[in-house]
Amino acid sequence: MGESINPARRRLLFGGAALVGAGLLGGLTRWLPARAGSRGASAPSGPVTIVAFDDQGRRLGRRTVDPVVKSAAEWQSQLTAEQYHVLREQGTERAFSGQYYEPPKRHGIYRCRGCDNALYDSAAQFHSGTGWPSFYQPIAAENVTEHVDRSLGMARTEIACTRCGGHLGHKFNDGPRPTGLRYCMDSVAMRFVPIAAG
């Protein structure tokens, strides 16, 4: 008769297997979409409506603006290689590698690295334990766009910037109240603008 594995050892083995699986999935999501001929990010074809915010987080109202459209060469000159891979090729940064996966100590807003569109208020950010910045809602629903992403053999909800079409991350239905949503974003797709106190 075989010996049974004690519960502590079983947890260690299963935990190690889960970490290896997560690492493999993270590696696949980082490289597979670009290599599998995914559609890549595309800018909207006509004017778009967004909600403008100043750098103090004040809502300035709805605006109809031209989309930000650039050639691949122009995007590559503006963005780092990793930013380009995520924003324009629908890549994913490695978990826990981005600078924004922990909620900031100061209040602020996150803007798109591609076009400066306001995306998220840090007041909606929470610690999800996933290794990516997570928010329960965007700063304004108009500022992000949803698409069905069928890469990796599953259907997910991709989140893109409304103004430039840049890939930001994905939305899941396992977030906290009040929305129950988790907008799982890539740090390299955004820049944080702290709001001055007072």
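**View 1. Contacts across the protein chain.** Residues 24 or more positions apart make up 59% of the contacts with a separation of 6 or more in the protein chain, a contact being heavy atoms within 4.5 Å. The model is predicted, so that local features need pLDDT of at least 70 and side-chain atom pairs count only at pLDDT 80 or more, whereas totals for chains, interfaces and linings use all residues. Residues are numbered from 1 along each chain as its sequence is written, and side-chain values use heavy atoms, with hydrogens and water left out.

**View 2. Helices and strands.** The protein chain holds three helices and eleven strands. Helices (H or I, at least four residues) and strands (E, at least two) are DSSP runs, numbered from the N terminus. Along the sequence their pattern is α-β-β-α-α-β-β-β-β-β-β-β-β-β.

View 3. Strand 3 (residues 108-112) pairs with strand 4 (residues 118-121) in the antiparallel sense over three bridges; two strands pair if DSSP finds at least two bridges between them. Tyrosine 110 has tyrosine 120 in strand 4 as its bridge partner. Five residues lie between the strands of this hairpin, where aspartate 116 takes a positive phi near 75 degrees.

**View 4. Cysteines.** A disulfide is a pair of cysteine sulfur atoms within 2.5 Å, and by this rule the count is zero. Cysteine 161 is in no disulfide, as its nearest cysteine sulfur, that of cysteine 115, is 3.4 Å away. Cysteine 161 is buried, at a relative accessible area of 2%, and cysteine 184 also counts as buried, at 9% relative accessibility. Buried means under 20% relative accessible area (1.4 Å probe, protein chains only).

Conventions. Buried < 20%, exposed > 50% of the residue type's maximum accessible area, 1.4 Å probe, protein only.
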